[in-house]
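Me: Please take a close look at one part of this model. Keep to what can be checked, and give the cut-offs as you go.

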Amino acid sequence: LGGDGLLRVSEGRGGWGFGGRAAAARRRRRHLTPSFPQHLVVRSLGSASHAFMHRAVTTRIEGGDALAAAALSRAPRVPLLTVSNHETALDDPLVVSALLPAHAFATPSSLRWTLCATDRCFKNALMSAFFRAGKVLPVDRGAGLAQPGMAAAEGRLAAGEWVHIFPEGTRSRDGALRPARKGVGRLAVAAARATGEDPVLLPFAHSGLNGALRGGTVGVAVGD
């Protein structure tokens, strides 16, 4: 599994290299099994975020069961692509975690991958290790759609996994919805082509996270 989240297997003469197809299959299963750091980061951060959103602040959710069902109970190898507005640096993990049941964080393989700019989440080796363990893929600002981070997200969807993105590409400073970028369309089309199945595409919108600690209410509405 490369640093960009993509599985790479070399192909040699007479079939897959490094011991043939069986060895390649074993390596693939091993790479798709969450590592200890991934278990540690996803379970601890997800559980803490879920507890914060449901115990420390007031959160009102409409349609949350739809996202939980899509994330945890959809048919095997059917990709899930979720999209939402972007207001704060903590939208993910806080809002995303609030939409899932508490037991979901025990199985990191069923949870989302997301994207983050290299100049924000991958500034040094420690940050890179933490965010990669948290199922975050690096993207370069201004590099367009043809870059390793987008290819990695396409690969996760092609494997039937869940990818969450913020189509605005950056946070909205005033809460107003910014124009969506082209990445979400590219990911949806790529997922359909790779799997032969239309991905489950689920939007949700949220507001109020900035004021939650001052006694405000976080509102989340999941679409269909």
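Reply: Start at Glu161, which is buried, with a relative accessible area of 14%. Buried means under 20% relative accessible area, exposed means over 50%, and partly exposed lies in between, using a 1.4 Å probe and protein chains only. This is a predicted model, with local features needing pLDDT of at least 70 and side-chain atom pairs counting only at pLDDT 80 or more, while totals for chains, interfaces and linings use all residues. Residues are numbered from 1 along each chain as its sequence is written, and side-chain values use heavy atoms, leaving out hydrogens and water.

Glu161 meets the side chain of Arg156 in a salt bridge, 2.5 Å from N to O. The term requires a side-chain nitrogen of Lys or Arg within 4 Å of a carboxyl oxygen of Asp or Glu. Arg156 is buried too, at 4% relative accessibility. In general, side chains of opposite charge can pair when their charged atoms come close.

Next comes strand E7, residues 162-165. Strands (E, at least two residues) and helices (H or I, at least four) are DSSP runs, numbered from the N terminus. Which way do the side chains of E7 point? Trp162 and His164 point one way, Val163 and Ile165 the other way. All four are buried.

E7 belongs to an open sheet of seven strands, ordered E3-E9-E8-E4-E7-E5-E6, with mixed pairing. E6 and strand E3 (58-62) are the edge strands, each pairing on one side only. From one strand to the next, the twist averages 25°. Two strands pair if DSSP finds at least two bridges between them. As a general point, strands of a sheet pair through backbone hydrogen bonds, either parallel or antiparallel.

Look at the two neighbours of E7. Strand E4 (residues 80-84) pairs with E7 in the parallel sense, over four bridges. Thr82 stands opposite His164, and Val83 has Ile165 as its bridge partner. E5 also runs parallel to E7, joined by two bridges. There, Thr114 stands opposite His164.

Now the helices. Helix H7 lies across E4, strand E5 (113-117), E6 and E7, running at about 150° to E6. H8 packs on the sheet as well, touching E4 and E7, and its direction makes about 170° with that of E4. Contact here means heavy atoms within 4.5 Å. Axes are lines fitted to C-alpha atoms, for helices over the stretch in contact, and angles run from 0 to 180 degrees between N-to-C directions.

A salt bridge joins Arg186 and Glu154, with the closest N and O atoms 2.6 Å apart. Arg186 lies in helix H8 (residues 183-195) and Glu154 in helix H7, so the pair ties together parts that are 32 residues apart in sequence. Glu154 is buried at 19% relative accessibility, while Arg186 is partly exposed at 34%.

How many salt bridges are there in the count? The total is four. One of them pairs Arg141 with Asp119, the closest N and O atoms being 2.9 Å apart. This pair links distant parts of the chain, 22 residues apart: Arg141 is in the loop between strand E6 (136-139) and helix H7 (148-158), and Asp119 is in helix H5 (residues 118-121). Asp119 is partly exposed, with a relative accessible area of 44%.

Cys116 and Cys121 form the link, their sulfur atoms 1.9 Å apart. The cut-off is a pair of cysteine sulfur atoms within 2.5 Å, and the count comes to one. The link is right-handed, with 65° about the S-S bond. Cys116 is buried at 13% relative accessibility, and Cys121 is buried at 7%.

Finish with the rings. Phe, Tyr and Trp rings (the six-membered one for Trp) pair if their centres lie within 6.5 Å; planes under 30 degrees apart are stacked, over 60 edge-to-face, and the rest tilted. The whole structure holds two aromatic pairs. Phe122 and Phe131 form a tilted pair, 6.2 Å centre to centre with 50° between the planes. Phe130 and Phe131 have ring centres 5.2 Å apart and planes at 85°, so this pair is edge-to-face. Phe122 is buried at 11%, whereas Phe131 is partly exposed at 22% and Phe130 is partly exposed at 39%.
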